[in-house]
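I set out to record what I looked up in this structure. My entries follow the order in which I consulted it.

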Amino acid sequence: MAFCTQAVILILSVLIVSWCKPSYGAGIAIYWGQNGNEGTLAATCNSGNYQFVNVAFLSAFGNGQTPVLNLAGHCNPSANTCTGLSADIKACQGKGIKVLLSIGGASGTYSLSSADDARQVANYIWNNFLGGQSSSRPLGDAVLDGVDFDIEAGSGQFWDDLARALNGFSQQKKVYLAAAPQCPFPDAHLDTAIKTGLFDYVWVQFYNNPPCQYSGNANNLLSAWNQWTTVQANQVFLGLPAAPAAAPSGGFIPADVLTSQVLPSIKNSPKYGGVMLWNKQFDNGYSAAIKGSV
């Protein structure tokens, strides 16, 4: 009988811990690559502040053009000097951090002209950055974990085809898919892609968008958040600027306001995944201040 009592107590203890512990593995995603003074990729991962790093950007691709990787002052892909990042990528992954290739951006020259064009771009990304093989891998032999769609230009056509084509490679090695839509719902560029239900992470840009960003109160933000948590994605993240200067059109939330007023209101969503920050250049203490509350 004593043994049975101990067993029951043990089971109850496990259940109580399970009930009290959040079911999500929340974290912080950061964009890295757009300023040579933001520190190395290895240092970014060594900070212990991030669970995801988006290497930004593959800024030109599609419509028959030669793809171009733009990592600002960090390295020059045309001179083959970005292959040195391979060791950093592997070191990040060794810490359990997912490293994704971010495609697009606010000032890229990218577009998809057809479903076939989307498949060709997917093949290029797979062979040059993911689990495929190519003699001209810009980041060396490191195998990135997936692709982030930061599509802010052109039409919304064929991004769903690109998502399906990239997801098709998951039969060989899992390709994580992320999207970074603007907070007005639904997003003008990524709506059809997100509706495929193939995206693991959707980190919504709640900045540079006055109708749905924080502006002294979180009413508009929370209203938009509730819309975004209805999408077919595994996790939805609150995308924020890491400093006021990171978002000229607004959306910055002071760390104490975020942790005391905003996060408690959104963390109860089953799809809550954490916080995305733009970007490493501007993150001078913000992620460290919020990570204990994310």
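Predicted model: local features only at pLDDT ≥ 70, side-chain atom pairs only at ≥ 80, totals over all residues.

Residues are numbered from 1 along each chain as its sequence is written, and side-chain values use heavy atoms, with hydrogens and water left out.

Entry on Thr-44. I located Thr-44 in helix α2 (residues 41-46); helices (H or I, at least four residues) and strands (E, at least two) are DSSP runs, numbered from the N terminus. Thr-44 counts as buried because its relative accessibility is 0%, where buried means under 20% relative accessible area (1.4 Å probe, protein chains only). Neighbours within four places in sequence aside, I found Thr-44 in contact (heavy atoms within 4.5 Å) with Ile-30, Trp-32, Tyr-50, Val-53 and Lys-280.

Entry on helix α8. I looked up its buried residues, which are Ala-255, Val-257, Leu-258, Val-262, Leu-263 and Ile-266. They line one face of the helix, because they fall within an arc of 135° seen down the axis of α8; the arc is that of the directions from the helix axis to the C-beta atoms. These buried residues pack against α7 (219-228), β9 (233-241), β10 (272-278) and α9 (286-290).

Entry on the backbone. I recorded a cis peptide bond from Phe-185 to Pro-186, with omega near -5°. Pro-186 lies in the loop between β7 (176-179) and α6 (191-194). Another cis peptide bond joins Trp-278 and Asn-279, with omega about -15°.

Terms used: Buried < 20%, exposed > 50% of the residue type's maximum accessible area, 1.4 Å probe, protein only.
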